[in-house]
Amino acid sequence: MNFTLKIWRQESAKSKGKFVVYNVSNISPDCSFLEMLDILNQQLIDKFEKPVCFDHDCREGICGACGLYINGRPHGPDEDITTCQLHMRRFKDGDTIVIEPWRGRPFPVIKDLVVDRNAFDKIIAAGGYISVSTGGVPDANAIPIPREDADLAMDAAACIGCGACVAACKNTSAMLFVAAKVSQLARLPQGRIEAKERVIKMVAKMDELGFGSCTNTGACEAECPKNISISHIAKLNREYIKAKIF
Amino acid sequence: MNSLFASSIGKKLIMSLTGLFLIVFLMVHLGINLSLIFYDSREPFNKAAHFMSSNVLIKILEIILFGGFFLHMFYGLYLQIKNWIARGRGYYKANYSQTSFFSKYMIHTAIIITVFLIIHLTDFYFKAKFFGEVPEVYYDGKPYHDLGILVIEKFKIPGFVIFYIACFLFLAFQLLHGFWSAFQTLGLDHQVYTPVIKILGIIYTALITIGFTAIPLYVYYFM
Amino acid sequence: MIKPDPRIPEGPLAEKWTRFKATQKLVSPSNKRKLDIIVVGTGLAGASAAASLGELGFNVKVFCYQDSPRRAHSIAAQGGINAAKNYRNDGDSIYRLFYDTIKGGDFRAREANVYRLAEVSNNIIDQCVAQGVPFAREYSGLLDNRSFGGAQVSRTFYARGQTGQQLLLGAYGALMRQVNEGNVTLYTRTEMLNLVIIEGKARGIITRNLITGKIERHFGHAVVLATGGYGRAFFLSTMAMGANGSAVWTAYKKGAFFANPSFVQIHPTCIPVHGDFQSKLTLMSESLRNDGRIWVPRKKEDAEALRNGTKKPSDLTEEDRDYYLERRYPAFGNLVPRDVASRAAKERCDAGYGVGSGLAVYLDFSDAIKRLGKKIIEERYGNLFQMYEKIVDQNPYETPMMIYPAIHYCMGGLWVDYHLMTTIPGLFSIGECNFSDHGANRLGASALMQGLADGYFILPYTIQHYLADEILTPRMPVTLPEFENAESESKERIHKLLNIKGKQSVDQFHRKFGLMLWELVGMSRSQNTLKKAINEFAKLREEFWHDIKIPGSNDELNPELEKAGRVADFIEIGELMARDALQRHESCGCHFREEYQTDDGEAKRNDEDCMYVAAWEYKGHENEPLLHKEPLIYENIKLQTRNYKI
């Protein structure tokens, strides 16, 4: 297969970026999207040009490092996958593919397609945990947890922190990311104890970092590679309003 | 509590509550308007309009209503601007994620509706209240503003009818997303009830849209 | 005193750890504040250690090359984590977990370390539940378990197919809490380049900021390496793209012994290689072997027909299929340990019975679907089947999966004593990057256990024993000549790499080397291949340093430069792997020497001569490394030959 790639290139955080057009040919349909970029990069290195930078690590859809905005969709034209799980058979021979970095003021571009997602770490640091230190905890079976709650908590906990929700949202809102953590911990008895402080601190940090607000468009849910539902956002709203009023 | 409204979720909460309040108001407004075409006389309509403008309780509610409108518009715009700022440089390729279609155009439809609202208030509300350019009628010996005739006259202008109907279609955009969205923002989400709320939202939107667009059409063709 | 000295406490096995804790030296709270600890890596071991040390009150600096600690490759572990809770009432105990782990490792792990691991395994589950890890539960609300290879009890705790992710996010949360409280300073997108040793003790590291290229110096009273395995040396593996052996290799070159480098686990159920553009292999969880049956065609002509597509797997009748694991190992069948299953697949493919590209076997669920129904199979393995379909574009409900073994885990690593300290005082090594607990083969669901045991419950104790003698050591300025020298060493290396301006890219070298490593030091090794490997790798190393091509500069985000440093080290690690495999005159666990096998092709262990840990000492660039042998003494366990046939 042959493709025309229109890729965002930007030297550094401070420089102005631009789109550059590349061509790749003889790509196998079984090739993954990132492997296709590897092939492009090999071509560039052959010419002693700088390869296109993009984040990636596990290449099996779980670390959350990869994330490209491909033809108008975070993680490209397939459902429930990360960019690294996207394969070229999803495209037509001869397609032009536009590749952009995640856009959003809290996710500034570092270089080319690499963005800085430290904002997510800061939100978690603000309270996305149960404040338990190592040791001195009760036996694991001391507090039974209804299976339904454990399952719902696990649904939310599946978040990989890739940022596709923010990238997809027209408001650049991080509500799904925050909701996933708040909802996970709020559904477990261990997490209830500091549920109030947690949600207040995390939302405050989210606002402070300049993420937009949620208008319930559902774009995040549609693009979440782990299929996390916006019902968790409702849960976040509920937790927040409750924490502030009562 | 006070810092609740300082947060993004708190501001969304205001949007949600004022939105729900306006949803209720629309029902009342529609009820009164419909009296214009359901009766042969304009009397019930004019009397209702009079009641709405003279009753003390309603006068208080009126302030709240205006407050609701104002807050809804103000925070809607405020949040939208913040959201635009949050994006910074936009995408070259427009996003085409699977999303609630109507949710994408809330600010655009809101601006159209605001324009409508200004025209609407100038045409009817302000005329009656401040300019006194409204003809008077007498029922049981008491003078009333004949707002009914004002409405009928307006609805005889084809351009106005088209504009009026178009605006209500845009309002339908708002309602189709807003109705359910208000509940989501309040955190009211439930496996069983949320789908019910979504259906209710569609029914409500249909009622409001059909009701409000039926009036000018009826007036234009039959009165 | 034997060198290296494992410092195993006296006393009966079951009391060693308790006794150690009771008598070890501690650091008082006021002194903890004065002590700096560097932790490199934020996987299960690194994150849990950094968080725990921060909670204790030490000043911790933690480093990772990823953009967030949450992305460390522990996150990719699917199956579960073992613990001797005996919640099933099926006869589990600390001793049994200890025994299974030693036996699973083919009697090449240290008794005392493994016993301690089994001992603290239960605390890990308690800790993780308290952190909010959503483990699978039964309708009673109590924790669920599943069974894994190599054990007769059900002791594996799991969170769907994402146990590693959930455990890592738990540790990450604990870490971020300490970052928030100011006890831990976090350095992301930062790679360790060099180790600083002052007066014989590890005192700091040199790092490179991957965004700006800035080389920085960091002081620590102790340095903890938690940098994972070096399996990416093979190029194709289930490891993350950035996973590397550079930190441990630097430590090795500065004097830390490297133990059992040739012990690298090959996981039997991975999606096969399907093109030369491929960058990564994807693991399919071991749990699939519970219901899937592994087979290849009985006749070579059928295999060929399947390869060129003239036949479909469903065209073959039962008689034409060879369920070779069930045939060879009737007692364990498809659930033999990883090393055995991997070798058997290779044997069939080498003999010409492979399907797909020739290097694949079938993992067939049709029987299970017939027996249990599609719905149950979907419930059990739905996410794995979906993952398979996304990659291979075939529906495993309808046609059998194709699988082939792939590099997955490193049992070998830095040599550590009972305190998890390397042979460099003050340099500790935890998790996969040490050698200590898995012997020659790791059992499923044991890596997560070890990483968290080291980080939460072992290192925070043992490191204090060391630091207690350091309370009078003031923080050292990073302007000392040792820092200066280490930094210029690293800078020189980068300068050299960037100025070769040769013809071949890093990936071209890496692919070439990876393939050689797989062929010569992979699933099956012989004196010939290993000698050849040592020669070839030395040549390749020369070629690398004369012909590498790296565009860009040091002062920017430059992935090619990062990869070049790692691959340069991989080639050297490969050489040591070959040396290690060559000196071990036996087959054990993952290490299969063609010269040492039974008549029916099973591994033949040599307890007489080979019951030791091979610990390698670096002797300079020009010299061969020196082999030290730490004898393994089994006092509490009876040696036996692993037998999965009857």
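**Hairpin in chain C**

I started with Ile205(C) and looked up its bridge partner in β8(C), which turns out to be His218(C). The two strands involved are β7 (residues 201–209) and β8 (residues 215–219) of chain C; they run antiparallel and are joined by 5 bridges. For my notes, strands pair if DSSP finds at least two bridges between them. Helices (H or I, at least four residues) and strands (E, at least two) are DSSP runs, numbered from the N terminus. The hairpin has 5 residues between its strands, and Gly213(C) takes a positive phi near 80° there.

**What I am working with**

This is a predicted model, where local features need pLDDT of at least 70 and side-chain atom pairs count only at pLDDT 80 or more, while totals for chains, interfaces and linings use all residues. Residues are numbered from 1 along each chain as its sequence is written, chains are lettered from A and ligands numbered from 1 in the order in which they are written, and side-chain values use heavy atoms, with hydrogens and water left out.

Next I checked Asp112(A), which has a positive phi near 45° and is not a glycine. I found Asp112(A) in the loop between β6 (109–111) and β7 (114–115) of chain A. Buried or exposed, I wondered about Asp112(A)? Asp112(A) counts as buried, because its relative accessibility is 2% (buried means under 20% relative accessible area, exposed over 50%, partly exposed in between, with a 1.4 Å probe and protein chains only).

Arg160(C) also went on my list, with a positive phi of about 45° although it is not a glycine. Its place is the loop between β4 (156–157) and α6 (163–181) of chain C. Arg160(C) has a relative accessible area of 32%, so it is partly exposed.

**An arginine in α17**

I then went to helix α17 of chain C, where Arg579(C) is found. Arg579(C) has a relative accessible area of 16%, so it counts as buried. What is Arg579(C) in contact with, leaving aside its neighbours within four places in sequence? I noted Ile534(C), Trp616(C), Glu624(C) and Pro625(C) (contact means heavy atoms within 4.5 Å).

**The second largest cavity**

I looked up cavities and got 18 of 30 Å³ or more. A cavity is a set of points, on a 1 Å grid over the protein atoms alone, where a 1.4 Å probe fits but cannot get out; lining residues have an atom within 4 Å of a point. Grid points are joined across faces, edges and corners, and a volume is the space filled by probe spheres set on the points.

The second largest cavity has a volume of about 560 Å³. Its lining counts 32 residues, and Phe54(A), His56(A), Pro559(C), Glu562(C) and Arg566(C) lie nearest its centre. Two or more lining residues come from α1 (33–46) of chain A and from α17 (559–583) of chain C. I noted that α17(C) gives the most, with 5 residues.

**Chains A and B**

Chain A has 9 helices and 7 strands, and its C-alpha trace spans about 60 × 35 × 35 Å along its principal axes. Buried residues make up 67% of the 246 residues in chain A.

For chain B I wrote down 7 helices and 2 strands, in the order α-α-α-α-β-β-α-α-α along the sequence. Of the 223 residues of chain B, 43% count as buried.

Terms used
On a 1 Å grid over the protein atoms alone, a cavity is a set of points where a 1.4 Å probe fits but cannot get out, and a pocket is an open set with protein on both sides within 12 Å along at least five of seven lines; lining residues have an atom within 4 Å of a point.
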